[in-house]
Amino acid sequence: MKNILKQVFKVLIFIIVFFILLSITSNILVLKENWFGSDVKSFYKLEENSLDLLFLGSSHSYAAFSPEIIEKEFGKKSYNWATQQQPIYISYHYLVEALKTQKPKIVVLEAYMLTIQDDYAGEGTVRSALDRMNMSLNKIKAIEVSVENKEDYLSYYINIIKYHSRYSEIKKQEVVDAIKNKTLSNRGFTPLESNPKVNFDNSKCLNIEYTSKISTKNLEYLNKIIKLCNEENIRLVLVTTPTQMGESEQAYLNYVEKVAIQNNIEFIDLNRKFGEIGLDFSTDFYDTTHLSKFGAEKVTKYFLNNIL
């Protein structure tokens, strides 16, 4: 009997060591993509129940809302858990993940991606959001709803399958950072430089009154977020950041606004607040869809002043 227990113990130790080494190796090889938005892993370093606000969404969010300004000007702790082109179904699973350790009073969902009607995002978008997410049942569900082909699931469950060939590209510092579990400490915000050549006029789009129904999948996950926030007694705020809009995009957002009204949820369209915010095309935009760091400062202050 003792010999059996010894063998079982050895097997358990082997399994534990194997998965620790697999985790470290995966963390070394996986693409970090720390040059924009949240690097995902940094969220897990937050002190439990330390957030007052949680931002979810795409690059429109991570270029617009600065947790540093929110803390300095309003005394509130926040995190911008935004990733490039983050689809609503990933935003939902991020919220589920966040609620494991955080109890934010307000969740801000940046709504632009609800105008995108494809049921699946590109691989780069999905991987930048999910590859560095901690493994859990929630991550497995996120993979299954985000990846179209089932045969690709395994490379998301064990991402070393995808990135094993990167070993020749790895630099010493990347290994050190992975072992130390070093992450980007920008709280998800990416300050962008000004581009004085940016200029656009949304007046025609903003006058559109008709609606276009968003995709079934988008509506399903928007309703899931609404339901989860209601269950957790979290105030949900939908927001669109200042950006150049097309007529079809505005029609989708008009539909989102109706859903918000039906569910007694705030919907703040900052495209209608250029004058009140004091936005200046010569300084406040990076391109036609993203604010510069100067525009982000104005938008962050205006937005927080209107929701707090």
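Visitor: Let's start with Cys229: buried or exposed?

Guide: Cys229 is buried, because its relative accessible area is 1%. Keep in mind that this is a predicted model.

Visitor: And what about Cys205, buried or exposed?

Guide: Buried too, with a relative accessible area of 8% for Cys205.

Visitor: How many disulfides does the structure hold?

Guide: The count is 0 disulfides.

Visitor: OK, zoom out. How many helices and strands are there in the protein?

Guide: The protein has 14 helices and 5 strands. Of its 308 residues, 51% are buried.

Visitor: What share of the contacts comes from residues 24 or more positions apart?

Guide: Taking contacts with a separation of 6 or more, 82% come from residues 24 or more positions apart.

Visitor: You mentioned helix 6. Where does Ser146 sit?

Guide: Ser146 is in helix 6, which spans residues 137-146. Ser146 is buried, at 2% relative accessible area.

Visitor: Which backbone oxygen does the Ser146 side chain reach?

Guide: The one of Ala142, at 2.6 Å.

Visitor: And what does Ser146 touch beyond residues up to four places away in sequence?

Guide: Ser146 touches Tyr89, Ile90, Tyr120, Val126 and Leu130. Tyr89 and Ile90 are also in the buried set of helix 4.

Visitor: Switching to Tyr157. Which helix is that in?

Guide: Tyr157 is in helix 7, residues 153-157. Tyr157 is partly exposed, at 28% relative accessible area.

Visitor: What is Tyr157 in contact with, leaving aside neighbours within four places in sequence?

Guide: Its contacts there are Met135, Ile140, Ile143 and Glu144. With Glu144 there's a polar contact, side chain to side chain, at 3.5 Å. As for Met135, its C-alpha is 7.6 Å from that of Tyr157, and the two residues are 22 apart along the chain.

Visitor: Now the rings. How many aromatic pairs does the count come to?

Guide: The count comes to 17 aromatic pairs. One of them is Phe55 with Phe65, which is stacked, with 4.9 Å from centre to centre and 20 degrees between the planes.

Visitor: Which parts does that pair tie together?

Guide: Phe55 is in strand 1 (residues 53-57) and Phe65 is in the loop between helix 2 (59-62) and helix 3 (67-74), so the pair joins parts 10 residues apart in sequence. Phe55 is buried at 0% relative accessibility, and Phe65 is buried with a relative accessible area of 0%.

Visitor: Why is Phe200 with Phe274 edge-to-face?

Guide: The planes of Phe200 and Phe274 are at 85 degrees and the ring centres are 6.0 Å apart, so that pair counts as edge-to-face. Phe200 is in the loop between helix 9 (172-179) and helix 10, while Phe274 is in helix 13 (residues 274-277), 74 residues apart. Both Phe200 and Phe274 are buried.

Visitor: Which residues form an aromatic cluster?

Guide: Phe43, Tyr44, Tyr79, Trp81 and Tyr94 make up one cluster. Tyr94 is one of the buried residues of helix 4.

Visitor: What lies over the face of Tyr156?

Guide: Arg127 does, at 3.8 Å from the ring centre. Lys224 lies over the face of Tyr221, at 5.5 Å from the ring centre.

Visitor: Last one, helix 12. How far does it reach?

Guide: Helix 12 (residues 247-262) reaches 23 Å from its first C-alpha to its last, close to the 22 Å expected for its 16 residues at 1.5 Å a residue. Its buried residues include Glu249, Tyr252, Leu253 and Val259.

Visitor: What covers those buried residues?

Guide: The cover includes helix 10 (203-206), helix 11 (216-231), strand 4 (235-240) and strand 5 (266-269). After helix 12 comes Asn264, with a positive phi near 55 degrees.

Conventions
Residues numbered from 1 in each chain as written. Predicted model: local features only at pLDDT ≥ 70, side-chain atom pairs only at ≥ 80, totals over all residues. Heavy atoms only, no water. Helix = DSSP H or I, 4+ residues; strand = E, 2+ residues; numbered from the N terminus. Buried < 20%, exposed > 50% of the residue type's maximum accessible area, 1.4 Å probe, protein only. Contact = heavy atoms within 4.5 Å. Polar contact = N/O pair within 3.5 Å; in protein donor to acceptor, adjacent residues only side chain to side chain. Expected span 1.5 Å × (residues − 1). Phe/Tyr/Trp six-rings, centres within 6.5 Å; stacked < 30°, edge-to-face > 60°. Lys NZ or Arg CZ within 6 Å of the ring centre and 35° of its normal. Disulfide = S-S within 2.5 Å.
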